[in-house]
Amino acid sequence: MLRLLVLVDHARGITGPHRNVVGSLNALSKRDDVQLRLLCREIDEQEPYAQSNRIDIRLGYAPHDPKRVVGNIRRVLSAARDRDVIYVPSGLKSLLYAQIARPGKRLVVGPNVTPLPNWKQDSPTQIELKVLCDIWIEASHARGNHVTRSTGAKIPVIHHAIDTNKWGPHRRNPGIWKKLNVPEARIRLLYVGHDKTALKGVGQVLDAYELLQSSAIRMDLQLIMAGRLSQPTLDRTRGMTSVYPLGFLEADVLPEVYATSDISIVPSSWENFPFTVLEALASGIAIVASRTGGIPEQIVDGESGRLVEIADQHSIHLSDAPQRLAAAIIEIATDPELRARLALGARERALDQFSEPRLGQDLVELLTGKMSQ
């Protein structure tokens with residue numbers, strides 16, 4: 001029996017890193033071979049882990065509050081007292097707090113713990129890898145290889161997972177568009193994300209869509225945009241035809257939007273192992289995505305989506321990225337059989353490779369020292 005403490009600031013899936021936290025807790029709380037304890041500030045009571053009788057949930061830990069340092073230390077020491085392994089999936093502060101309870105225990109960290117801020121590199125150093133933890137996890141081989149090149153250390157990789165019951169073709173609901181004030185269209189393109197950084201490629205998506213609108217190939221297209229967008233981006237969309245920025249969508253709405261769309265677009269110039277791809281795969285829709293970072297580990301080109309070269313080796317978008325995106329979208333939008341085949345392959349890929357039970361198995365093997373590194 002693995003006696004495990006998960007130490008994290010909160011367990012609500014409001015960001016990618018915490019989506020992984022929630023998925024890990026859901027997976028681990030269903031296993032008979034794990035005695036699971038969670039210490040955090042707050043939970044999502046709607047998630048399966050929170051409703052499980054196999055997890056000991058302890059609240060009150062607030063690593064970001066400097067006034068609660070003493071209380072945090074007491075809570076960490078108490079929660080870790082009878083544990084064999086401490087797992088910190090996210091948060092540098094939680095990694096530092098875990099040090100006080102580390103003697104005699106195995107400390108596993110990642111994949112969403114940032115390196116110490118004193119170093120001028122985006123990779124952990126030997127201090128994080130050899131001094132502050134026993135094992136450092138990454139979510140993609142692309143990121144793991146980067147850390148290996150920087151440090152010489154071999155890094156285990158555990159891919160994120162997606163709840164294939166929450167996300168899937170069964171969530172298709174044509175009535176969602178009326179609810180969101182989106183008119184009918186033959187092909188709906190979907191972008192999910194933000195534009196806080198140019199890496200996300202929102203400008204390239206809008207440029208590609210303008211090319212599609214001016215194309216000689218007549219297509220009844222819409223561009224649906226879900227997520228928080230800046231005012232300049234919103235101003236630009238107002239001058240475009242059939243572009244619908246919906247803002248941030250609640251957790252019960254977004255799966256329906258995915259499943260009722262036709263093509264998901266992921267135009268980033270760098271991603272580690274994005275949940276936007278996992279959501280589209282699980283939803284069973286065709287995907288056009290950048291061949292960058294960990295995305296090729298998620299999508300098999302031509303089977304579960306289309307990968308497009310739109311970024312250079314420095315993670316900067318190519319000047320003709322919009323044209324490349326537009327060409328891939330045209331290929332799929334004008335070929336219903338291809339679109340259906342990619343959609344079916346996407347769902348199969350999610351079920352085969354990215355389910356939460358697979359995540360639970362991988363984590364247990366790593367946490368108990370049974371996974372080869």
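Guide: What follows is a reading of this predicted model, taken sheet by sheet and then residue by residue.

Visitor: In what order do the strands E1 to E6 form their open sheet, and is the pairing parallel or antiparallel?

Guide: As a general idea, strands of a sheet pair through backbone hydrogen bonds, in either a parallel or an antiparallel sense. Here six strands form an open sheet in the order E3-E2-E1-E4-E5-E6, and the pairing is parallel. Strand E3 (55-58) and strand E6 (135-136) are the edge strands, each pairing on one side only. Within this sheet, strand E1 (residues 2-7) is joined to strand E4 (residues 85-90) by three bridges, and Val-6 has Tyr-87 in E4 as its bridge partner.

Visitor: Which helices lie across these strands, and at what angles do they run?

Guide: Helix H2 (residues 69-80) lies across E1, strand E2 (34-39), E3 and E4, and runs at about 175° to E2. Helix H14 (residues 356-367) lies across E1, E2, E4, strand E5 (106-112) and E6, with an angle of about 140° to E5.

Visitor: What is the strand order of the open sheet that contains E7 to E12?

Guide: This open sheet of six strands has the order E9-E8-E7-E10-E11-E12, with parallel pairing. E9 and E12 stand at its edges with a single partner strand each, so one side of each is left without a neighbour in the sheet. On average, and with direction ignored, neighbouring strands of this sheet are turned by 20° against each other. E7 and E8 pair over six bridges in the parallel sense, and Leu-190 stands opposite Ile-224 in E8.

Visitor: How many residues of strand E11 are buried, and which strands does E11 pair with?

Guide: Buried here means under 20% relative accessible area. Five of the five residues of strand E11 (residues 286-290) are buried, so the strand is largely enclosed by the rest of the structure. Both of its faces are covered, with Ala-286, Val-288 and Ser-290 buried on one side and Ile-287 and Ala-289 buried on the other. Strand E10 (residues 263-266) pairs with E11 in the parallel sense over four bridges, Ile-263 having Ala-286 as its bridge partner. E11 also pairs in the parallel sense with strand E12 (residues 306-308), over three bridges, and there Ala-289 has Leu-307 as its bridge partner. Together, E10, helix H10 (residues 275-283) and E11 make a right-handed β-α-β unit.

Visitor: Which residues of helix H7 are buried, and what covers them?

Guide: An α-helix has 3.6 residues a turn, so residues three or four places apart point the same way. Helix H7 (residues 202-213) has 12 residues and reaches 17 Å from its first C-alpha to its last, close to the 16 Å expected. Its buried residues are Val-202, Gln-204, Val-205, Leu-206, Ala-208, Tyr-209 and Leu-212. Their cover includes strand E7 (187-192), strand E8 (221-226), helix H8 (231-238), strand E9 (243-247), E10 and helix H12 (321-333). H7 lies across E7, E8, E9 and E10, and runs at about 165° to E8.

Visitor: Is Leu-254 buried or exposed, and which residues does Leu-254 touch?

Guide: Leu-254, which lies in helix H9 (residues 254-259), has a relative accessible area of 12% and is therefore buried. Residues up to four places away in sequence not being counted, Leu-254 touches Trp-167, Val-192, Ala-226, Leu-249 and Glu-279. The C-alpha atoms of Leu-254 and Ile-162 are separated by 14 Å, although these residues are 92 residues apart along the chain.

Definitions and conventions
Residues numbered from 1 in each chain as written. Predicted model: local features only at pLDDT ≥ 70, side-chain atom pairs only at ≥ 80, totals over all residues. Heavy atoms only, no water. Pairing = 2+ DSSP bridges. Helix = DSSP H or I, 4+ residues; strand = E, 2+ residues; numbered from the N terminus. Contact = heavy atoms within 4.5 Å. Axes fitted to C-alpha atoms, helices over the stretch in contact; angles between N-to-C directions. Buried < 20%, exposed > 50% of the residue type's maximum accessible area, 1.4 Å probe, protein only. Right-handed = clockwise from strand over helix to strand, strands pointing away. Expected span 1.5 Å × (residues − 1).
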